[in-house]
Amino acid sequence: MKIDVICTIYNEEKSIENLISSLLTQTELPNQIIIVDGGSTDQTHELVQPLCEENPTIKFVVDETCSLRYTNGAISRGRNIGRSYSTADFVIFVDAGCVYHKEWFSCFSKIAKQGEAIISGGTILSRNATIADKVFAPFLGFDQWNPYHTAYPTGTCRSLGIKTALFDELKGFNENANTGEDTDFISRATSTHNLKTAKHCAAIYTPDYNVKTALQRLFKYAQGDARFKQAKFRFFFMASRILFLLISIFSLFLNASLAFLGAYVISELLISIRRDKKLGAHMLDKKIRLAQYLASFTIPLTYILGYVSDITKNTK
């Protein structure tokens, strides 16, 4: 069974060498490593080209139509172009900002060879993650660092494998979207096939966020959910949390009762505890966990604003 790895890049001079190095030092190599560059204007091309000459496993494709200068869905187009260069039975999508441990491909290929149609390895933070990365990780779909390289599957393509026959049946990624394209793709795939979780196959990621950029990322994720009519339960859940807070505040001012506000704080604490256990945050330093709890109060409003902004923009 032939398996190719596909990655789209644009101006990735700071991370591309680490990505390629981690892929070339796998204990088992893929059939091809297909890298699609949307016409980088930094030193990315100069860094990748010598590696291609030294390693025939790498297929380097430069296509400027895979950039925002030519299409709204630059990443989607890059992935679709990458698929067009693949002759494999199965492809795995990775991201330029990530690295992969040495057994990653071997573990992934074992599951693919069992006949699974779509597989997710999820994402864990690297050991170099910032404090903001750790604080906002559970709200953005990252697991905390763990030596098992295992993560909860999410709607991203940092470590996502799919049979090429299914990819072609779905007609690839939506090239009209600049956000939410991976969630949309996975949603369409899982409407007919089960998403298999791949243990020990997580991408290792260093987002390098601060508070502002983390909230901006959540805002953009919410816009993607709205655009593809995804995560309706999440939308109503976030909206209910905001409504509960407003009721608590009004109750406090109207009759000086702390009952609703106390119930609200306890409910948010229970949500945080459940989230901690799910995404590994319970292993963090107490100060980080406290920061996560405080940050959680900003999440519903940020998400709702992002969701509604996209609906409003697309109804004008």
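1. L160 lies in strand β8, residues 159-163. Strands (E, at least two residues) and helices (H or I, at least four) are DSSP runs, numbered from the N terminus. This is a predicted model, with local features needing pLDDT of at least 70 and side-chain atom pairs counting only at pLDDT 80 or more, while totals for chains, interfaces and linings use all residues. Residues are numbered from 1 along each chain as its sequence is written, and side-chain values use heavy atoms, without hydrogens and water.

2. Is L160 buried or exposed? L160 is buried, at a relative accessible area of 0% (buried is under 20%, exposed over 50%, partly exposed in between; 1.4 Å probe, protein chains only). V91 is 69 residues away along the chain, with a C-alpha separation of 8.4 Å from L160.

3. Helices α1 (residues 16-24) and α2 (residues 44-54) have axes that come within 10 Å and cross at roughly 20°. Axes are lines fitted to C-alpha atoms, for helices over the stretch in contact; angles run from 0 to 180 degrees between N-to-C directions. The pair is therefore roughly parallel (under 35 degrees). I16, E17 and I20 of α1 meet L47, V48 and L51 of α2.

4. An open three-stranded sheet runs β5-β10-β7, with mixed pairing (strands pair if DSSP finds at least two bridges between them). β5 (98-99) and β7 (123-125) are the edge strands. β7 and β10 (residues 203-205) run parallel, joined by three bridges. L125 has Y205 of β10 as its bridge partner.

Notes
Angles under 35 degrees count as roughly parallel, over 145 as roughly antiparallel, 65 to 115 as roughly perpendicular and the rest as oblique. Contact means heavy atoms within 4.5 Å.
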